[in-house]
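Have the sequence and the 3D view at hand as you read.

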Amino acid sequence: GAEDVGFRVVTEDGRRVEARRLLVTTGLVDELPPVPGLAERWGREVLHCPYCHGHEVADRPIGVLATGPLAVHQALMWRQWSDDVTLFLHTGPEPSAEEYEELAARDVAVVDGEVAGLEVADDRFAGVRLASGRVVPREALVVQARFTARSAVLESLGLTPVAQEMAGTVVGTYIPSDPTGATEVPGVWVAGNVTRLTEQVVGAAAAGLMAAGALNGDLITEDTRLAVAARRA
Ligand SMILES: Cc1cc2nc3c(=O)[nH]c(=O)nc-3n(C[C@H](O)[C@H](O)[C@H](O)COP(=O)(O)OP(=O)(O)OC[C@H]3O[C@@H](n4cnc5c(N)ncnc54)[C@H](O)[C@@H]3O)c2cc1C
């Protein structure tokens with residue numbers, strides 16, 4: 001059990017909050033591919049999640065920027081939303097013969113060569129500029145962000161982020177926890193993206209509820225144990 005644990009949280013402006021248990025929900029940092037101009041369009045026309053943005057860019061010309069082996073999967077995923085999808089091979093690996101066949105069968109265009117920057121007109125993303133100078137008009141660009149747990153607070157308590165792999169490639173880091181969000185450090189729970197990189201809003205909120213319930217159960221156990229000890233004395 002998590003007996004006799006306690007925490008003091010110090011905020012940036014010097015306030016101190018003391019608590020018997022800790023629930024940390026500090027989320028993640030999206031590390032974006034280092035293409036000039038890309039970060040400025042993140043969450044607008046530079047996207048990663050079809051379940052978040054699919055509807056907004058349905059039937060539009062979509063580009064997929066390859067920076068790793070998941071790019072072909074991303075192209076096939078966004079192909080469900082638009083029949084005009086172009087995969088930019090950029091710094092990603094050469095697709096296999098099987099992948100090329102899949103892309104061809106789904107009418108996904110493939111463009112070789114490194115992407116040098118983004119074309120923006122009237123504060124809207126308008127296309128992809130290749131190192132060769134060629135511009136391919138697009139209205140949305142899908143990227144693979146690296147999801148890094150924002151875990152400094154948890155690391156200060158002795159927890160270590162571990163690598164999250166997907167299809168044999170590292171897509172980010174997370175702080176491990178059990179199904180209730182309990183970490184290896186007694187008294188410390190986590191919920192949301194800091195422990196599950198693919199969690200969406202509804203799942204992050206549900207995990208917060210689950211962790212709060214488990215945490216309260218732990219407090220009930222402690223309060224009861226202390227009350228029994230006091231009564232006996
Ligand atoms: C572009 C984009 C679009 C998305 N669209 C959708 C969508 O349409 N639907 C959907 O369900 N999900 C969407 N998501 C995912 C969604 O944002 C996450 O699932 C959700 O925000 C996770 O919640 P969280 O509470 O775990 O983390 P966050 O929402 O990231 O919250 C973490 C909070 O902790 C704070 N924090 C961090 N460190 C500290 C510290 N040391 N001290 C104090 N505070 C700290 C941060 O400032 C932040 O407020 C989208 C994500 C992105 C990037």
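## Overall build

The protein has five helices and 16 strands, counted as DSSP runs numbered from the N terminus (helices are H or I with at least four residues, strands E with at least two). This is a predicted model, in which local features need pLDDT of at least 70 and side-chain atom pairs pLDDT 80 or more, while totals for chains, interfaces and linings use all residues. Residues are numbered from 1 along each chain as its sequence is written, and side-chain values use heavy atoms, without hydrogens and water.

Along the principal axes, the C-alpha trace spans about 80 × 40 × 30 Å. Buried residues (under 20% relative accessible area, 1.4 Å probe, protein chains only) make up 39% of the 233 residues.

## The largest nonpolar core

A nonpolar core joins buried Ala, Val, Leu, Ile, Met, Phe, Trp, Tyr and Cys residues through side-chain atoms within 4.5 Å. The largest one here has 17 residues, and Ile-62, Ala-75, Trp-78 and Leu-87 touch the most other members. Two or more residues each come from strand S6 (62-65), helix H2 (71-78), strand S7 (85-88) and strand S12 (140-142). H2 gives the largest share, five residues.

Beyond neighbours within four places in sequence, Trp-78 is in contact with residues including Leu-47, Cys-49, Val-57, Ile-62, Val-85 and Val-142; contact means heavy atoms within 4.5 Å.

Another core, of 14 residues, lies apart from the largest one; among its members are Leu-38, Val-46, Leu-65 and Phe-88.

Notes: Buried < 20%, exposed > 50% of the residue type's maximum accessible area, 1.4 Å probe, protein only.
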